[in-house]
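Good morning, colleagues. I shall present one fold and begin with a single residue and its surroundings. Please look at the display.

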Amino acid sequence: MKRPKVSNITQAIFVVTPKMPVPNLQVLDKQLCFAEFSNIHPIININKIDLDEEKAEEIFDIYTKTRIPSNKNKCRNREAE
């Protein structure tokens, strides 16, 4: 009998960076859609915002309009916003 790789998932955290690696927002959108379709509550974590604060803010603004919980983190001084 094969066992599932994961089961009973209720929440997923998607981590994206504004730079290093360059974000692929189309892939993120597809993953968010699949999570919603599967009744999995998504959370977006924008990491390394200090590498490109303008791009990080742009990403944050896009996804906060969708009402998906989002947060931002700096990588150098370990602060969260």
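Leaving aside residues up to four places away in sequence, Asn45 touches Ile13, Phe14, Val15, Val16, Asn71 and Asn73, where contact means heavy atoms within 4.5 Å. This is a predicted model, in which local features need pLDDT of at least 70, side-chain atom pairs count only at pLDDT 80 or more, and totals for chains, interfaces and linings use all residues. Residues are numbered from 1 along each chain as its sequence is written, and side-chain values use heavy atoms, with hydrogens and water left out.

Is Asn45 buried or exposed? Asn45 is buried, at a relative accessible area of 16%; buried means under 20%, exposed over 50%, and partly exposed in between, with a 1.4 Å probe and protein chains only.

Asn45 belongs to strand E2; strands (E, at least two residues) and helices (H or I, at least four) are DSSP runs numbered from the N terminus. The open sheet has three strands in the order E1-E2-E3, with parallel pairing; two strands pair if DSSP finds at least two bridges between them. Strands E1 (11-16) and E3 (70-72) are at the edges with a single partner strand each, so one side of each has no neighbour in the sheet. On average, neighbouring strands are turned by 20 degrees against each other, direction ignored; axes are lines fitted to C-alpha atoms, for helices over the stretch in contact, and angles run from 0 to 180 degrees between N-to-C directions.

Three bridges join E2 (residues 41-46) to E3, and Ile46 stands opposite Lys72 in E3. Helix H2 (residues 53-64) packs on the sheet and touches E1, E2 and E3, its direction making about 165 degrees with that of E3.
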